[in-house]
Amino acid sequence: MSQLLGVAVLGAGHMGADHIRRLDRVVSGARVVAVADPDAARAEEAVAGRAGVTVHAEAEAALDVPGVEAVLIASPGEAHEEALLAAFARGLPVLCEKPMVPDPAGALRVVEAEAGLGRRLTQIGFMRRYDTEYARLKSLLDSGRLGRPLLLHCTHRNVSSPPYFTSAMLIDSSVSHEIDAARWLLGHEIDAVTVHRPRPSAGAPAGLSDPQFVVFETDRGALVDVEVFVNCGFGYQVRCEAVCEAGSARIGEDHTMVVTAAGGAREEVPADYLLRFADAYDRELRAWVDATRAGRVTGPSAWDGYAAAAVAEAGVRALESGTRTAVGLAPRPALYAEPH
Ligand SMILES: NC(=O)C1=CN([C@@H]2O[C@H](COP(=O)(O)OP(=O)(O)OC[C@H]3O[C@@H](n4cnc5c(N)ncnc54)[C@H](O)[C@@H]3O)[C@@H](O)[C@H]2O)C=CC1
Ligand SMILES: O=C1[C@@H](O)[C@H](O)[C@@H](O)[C@H](O)[C@H]1O
């Protein structure tokens, strides 16, 4: 491995451009070597002013650039399976944005391909695991001081959704974070989903079922509810309260500054995930670069990516049918025997 980990970034949109900036300016130990995006203007804009970075229309061309030692996938979810398999074929470690692969059959093919290699190469971009508040909640639950967790109440609000957003994406794009966070915080698998739809907000695009109220049942008897509202109009809010046998713990309420002036107080609300989770993305990439340089793979695994896809797919079916829907998970390969 060279002194600075050479990274190819696939996809130079919102997340890709932000990760390129992060690899270049925030995280030490890595350098961006190649960027691929079919939108050449976007790729050029993302690498502007950076010497020694090549730009490509095809993902595989970027992977084959000399000096590429690892891959960061930030293309749309539908492109992830092909990119992951191409990285595996070259033995390259990967940080793949969520959703790992949106459809569970494709996600399982990725798991099987990695298990076939006999070693982990993939870390999935579930950045909440690197957020200070989530990490503190996880430590508290793991300590057992509050007894067994019984309920998680979650809120996930975005100011507005992108134009391509569908009702299913509230679950498989947005709630995918709560699916992973719940599995990780509780150490349980999710085995059933019910989705309730209140009347849609007048602030949501016509035809979008927004907000939604999602209820997950876990294999050890806990319940997780998620209010997801992606056109709330007022701010980016991600909250979670764990209710346990001997107490409760709440995160996501005191993240920003409170400004007191002119006889009143005003709490700032972040506008989007890039602001709310800025530190978490930094820590996520630092952990990935450090582990990769040390020849290790840590963090959310391809199995976690598959489990999230399977639960989300059951959630989308529950949304469409209006009924409680069971989640079917394939057997977990030995490679992923460690707890999530
Ligand atoms: N962890 C998080 O909080 C977030 C994660 N995401 C995830 O990041 C990924 C990218 O999302 P955004 O940046 O918001 O989307 P975006 O639409 O802003 O950018 C995607 C870029 O990928 C390019 N692209 C399309 N096909 C490609 C291919 N085959 N190879 C390389 N590039 C390709 C597009 O031209 C576009 O420039 C998605 O998986 C999304 O779910 C997005 C927002 C937040
Ligand atoms: O991952 C993300 C987006 O893709 C998704 O669309 C948003 O709802 C989430 O808040 C954000 O974290």
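The model is predicted, so local features need pLDDT of at least 70, side-chain atom pairs count only at pLDDT 80 or more, and totals for chains, interfaces and linings use all residues. Residues are numbered from 1 along each chain as its sequence is written, while chains are lettered from A and ligands numbered from 1 in the order in which they are written.

**The sheet**

Begin by selecting the open sheet of seven strands, whose order is E12-E11-E7-E10-E9-E8-E15 and whose pairing is mixed. Strands (E, at least two residues) and helices (H or I, at least four) are DSSP runs numbered from the N terminus, and two strands pair if DSSP finds at least two bridges between them. At the edges you will find strand E12 (247-251) and strand E15 (325-326), each of which pairs on one side only.

Next, select strand E9 (residues 212-218) together with strand E10 (residues 223-229), which run antiparallel and are joined by six bridges; here valine 214 has valine 226 in E10 as its bridge partner. Then move to E11 and E12, which pair in the antiparallel sense over five bridges and are joined by a hairpin through two residues. In this pair, cysteine 240 stands opposite isoleucine 251 in E12.

**Helices across the sheet**

Angles run from 0 to 180 degrees between N-to-C directions, and axes are lines fitted to C-alpha atoms, for helices over the stretch in contact. Now show H10, which lies across strand E8 (190-196), E9 and E15, running at about 35 degrees to E8.

**Two helix pairs**

Keep helix H10 (residues 302-321) in view and select helix H5 (residues 104-117), which packs with H10 at an angle of about 165 degrees, their axes 9 Å apart. That angle makes H5 roughly antiparallel to H10 (a term for angles over 145 degrees). In H5, residues including Pro104, Leu108 and Glu114 meet residues of H10, among them Trp303, Tyr306 and Glu313; contact here requires C-beta atoms, placed from the backbone, within 7 Å. By class, this contact of H5 with H10 has 10 nonpolar, one polar and two charged residues, where Ala, Val, Leu, Ile, Met, Phe, Trp, Tyr, Cys and Pro count as nonpolar, Asp, Glu, Lys and Arg as charged, and the others, Gly among them, as polar.

For the second pair, select helix H1 (residues 14-25) and helix H9 (residues 278-293), which pack at an angle of about 60 degrees with their axes 11 Å apart. The contact is made by His19, Arg22 and Leu23 of H1 and by Tyr281, Asp282 and Leu285 of H9.

**The ligands**

With H1 still selected, turn to ligand 1, to whose shell H1 gives the most, with three residues. Of the 24 residues around ligand 1, those that come nearest are Gly11, Gly13, Met15, Ser75 and Ala79; a residue is near a molecule if its C-beta atom, placed from the backbone, lies within 6 Å of it. This shell divides into 11 nonpolar, eight polar and five charged residues.

Finally, select ligand 2, which has Asn158, Ser173, Ser174, His177, Val230 and Tyr273 around it. Helix H7 (residues 167-186) gives the most to this shell, with three residues, and by class the shell has two nonpolar, four polar and no charged residues.

Terms used:
Angles under 35 degrees count as roughly parallel, over 145 as roughly antiparallel, 65 to 115 as roughly perpendicular and the rest as oblique. Two residues are in contact if their C-beta atoms, placed from the backbone, lie within 7 Å.
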